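Here is a short briefing for a reader meeting this structure for the first time. It goes topic by topic.

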Amino acid sequence: MQYIDNIIFLILLVAGFGLFAKSLQNIYRNIKLGREINRTDRKAERWETMARVAMGQSKMTARPVAGVLHLFVYVGFVIINIELIEIIVDGIFGTHRFLSSVLGHGFYNFFTATLEVLALLVVIGVVIFFIRRNFYGVKRLTMKELFGWPKNDANWILIIEFALMMAFFTMNASDSILQMRGVFPEHGNFPISGITFVPFLEIFSFDNGFLSFVERGAWWFHFAGILFFMNYLYYSKHLHIILAFPSTWYANLEKKGKFNNLESVTKEIKLMMDPNADPYAAPAEGNEADAPSKFGAEDVFDLNQVQLLNAYACTECGRCTSVCPANITGKKLSPRLILMKTRDRLEEVGRNIDKNGKFEDDGKKLLNDYITKEELWACTTCNACTEACPVLLDPLSIIYDMRQFLVMEQSAAPQELNLMMTNVENNAAPWQYNQADRLNWAKEN
Amino acid sequence: MDFNIKTMAEYAAEGKSPEVLFWVGCAGSFDDRAKKITKAFCKILNKIEVEFAVLGQEESCTGDPAKRAGNEFVFQMMALTNIEVLNAYEVKKIVTACPHCFNTLKNEYPSLGGNYEVIHHTQFLKKLMEEGRLKIEGGAFRGKKITFHDPCYLGRANGEYEAPRVLLEKLDAELVEMKRCKTNGLCCGAGGAQMFKEPEKGNKDINIERTEEALSFQPKVIATGCPFCNTMMTDGVKHFNKNDEVVVKDIVELLAEAEDL
């Protein structure tokens, strides 16, 4: 009978991690639905970028208040999860505070005290974030586009993190009271719960039995909470705590102004410009495979894998939208929504595959059903959104690829742009001037 | 112009090549306002005796607006034609007063076979100044309030924030920065082919938002480094009926004025 705890623990552990692995597998499969893109060059620079931006949070400093609070929650939460090692060992082997025997008395005291301080910082961060988000009225956090799940999701994340920290303090407090009473051997140093939770629990003069129950309860809650939270990630924007890393690694390292040239088009144009080319020649064998099935992007399958990864990595903070000139002036475009809608569509496609074994046409597309032309045509390609993103996501590339589809596959540009493009094609200028008049200014005064 | 603007063809006929090719761009060639920028730049180059040439009738649109609108075909048609011309003249160094031409020539032409050293006119003038060839005395602007609007395709797109500011500082003017400047600069509303179409529906136009911000500092001059920004900001100033009090000028025009050219 004494092993029941350990067995339940193991089952929970395996189920928790197993489910999580399954979720990650789903995400991986969905991202793989996108076009391949070669982003494995300049590896040293990529590692450096990831270390600086994702681990070092370098872009979060642009908004210092949110930056510092985010650092609290990030560092705190990551380091506190080192505790998970101890929880797992204790849970499986039925030990109590296993790390104390590994780290030694002095260092274990330091370790637990540090965790307590970090946990306090997490609580401060989370509480202020909750207030900022719900009562303080930061515009990008209270926009209509977040109503419903995105807003609730954000609050759930904060509530769960708060609850986990509370369980952590409760566990430490009851443990340290039991230690003081000589029930448990003395391990660790708990300055924060010592000041806050211990006096509170002492008021009620609970007996040792009840405190042991509280300690175990909080321990189990903390453990189960972590497993739950881990599996919640899949459904949440909080996935960024994992996917920010690959997203920064695979980020576009080129100059922001550089848009990719389609190679398939180059071949065509070169053939067109070559006076010796036979216009009626059949394409060479095997060339069909080189050509993309279509120009630009109509659905998630036409986007590249980094763009799809970006959609999962977006944490919907809205820094992109808050600096977007189109959005600022009341237009429909919101770069954040471009990523959110891409993710929504991708998840829908994923569910379709789960259900049917492979993707069955559902009569929907990313274009029109999710992202409208009006949004796409409002973009000035100014790159404010990509500059603002703390994890180097690129909503502009999605907008651009979808514009390419509209123009090159559907000839569905706004009329004035068609006129401009015709002018460029015929007169080599976007306005209807004669190329022969290009140097007229030199003769004017 | 009271001096002769030479073309690449003329240089080639003489068996010579100039120090730099000045890529004028469509706005600089055809737009009445932008032509003044073109001329001001030529006057400065002429005064300090920089040997430069233009392509003239052999120049085409770089393809930037077509590409940003999503038309890769038209873009590459323009690009490959231009590259043929540029390569035929063995062009090494290009300077342009348009950040859109600058960006396209610099970043998008190389993978199509066009490899040149491409410089924005503010970068070029800064370099000439550092070499001691260009001397700027800012008398006419001493103490006047100037604010600079960063063009997206020079700034964020290519990371150049310094060159225009170095030149402006030489004018001894009082350079005031808008809150949204440098990496946080706000677009004038013309990029991404927006110049050629009506904006989508919204509360206001982007150039109005941007001009409002610039005007809030009560500057004498709004300085630009892009013919499209220039148009958008000029329209904005007119919208607020401030065109008697505030002028919108390209940096190169300010320099030419300071030199009384």
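**Chain A: fold and shape**

In chain A, 77% of the contacts with a separation of 6 or more join residues 24 or more positions apart. The model is a predicted one.

*Overall build of chain A*

- Chain A has 22 helices and 0 strands.
- The radius of gyration of chain A is 28 Å, while the globule rule gives 22 Å for 445 residues. Chain A is therefore more spread out than a compact globule.
- The C-alpha trace of chain A spans about 95 × 55 × 40 Å along its principal axes.
- Buried residues make up 51% of the 445 in chain A.

*Where chain A meets chain B*

- Between chain A and chain B, 34 residue pairs are in polar contact, with both residues at pLDDT 80 or more.

*Salt bridges across the interface*

- The rule finds 3 salt bridges across the interface of chain A and chain B.
- The side chains of B:Lys39 and A:Glu444 form a salt bridge, at 3.6 Å from N to O.

*A residue of chain B: B:Lys145*

- B:Lys145 belongs to strand 5 of chain B, which covers residues 145–148.
- Is B:Lys145 buried, partly exposed or exposed? B:Lys145 counts as partly exposed, because its relative accessibility is 26%, which falls between the cut-offs of 20% for buried and 50% for exposed.
- Beyond its neighbours within four places in sequence, B:Lys145 is in contact with several residues, including B:Glu174, B:Val176 and B:Phe217. B:Gln218, B:Pro219, B:Lys220 and B:Val221 are also in contact with B:Lys145.
- B:Phe217 is 72 residues from B:Lys145 in sequence. In space, the C-alpha atoms of B:Lys145 and B:Phe217 are 8.4 Å apart.

Key:
Residues are numbered from 1 along each chain as its sequence is written. Chains are lettered from A and ligands numbered from 1 in the order in which they are written. This is a predicted model: local features need pLDDT of at least 70, side-chain atom pairs count only at pLDDT 80 or more; totals for chains, interfaces and linings use all residues. Side-chain values use heavy atoms; hydrogens and water are left out. Helices (H or I, at least four residues) and strands (E, at least two) are DSSP runs, numbered from the N terminus. Buried means under 20% relative accessible area, exposed over 50%, partly exposed in between (1.4 Å probe, protein chains only). Contact means heavy atoms within 4.5 Å. A salt bridge is a side-chain nitrogen of Lys or Arg within 4 Å of a carboxyl oxygen of Asp or Glu. A polar contact is a pair of N or O atoms within 3.5 Å; within protein, one must be able to donate a hydrogen and the other to accept it, and residues adjacent in sequence count only if both atoms are side-chain atoms. The radius of gyration is taken over C-alpha atoms; the globule rule is 2.2 Å times the number of residues to the power 0.38.
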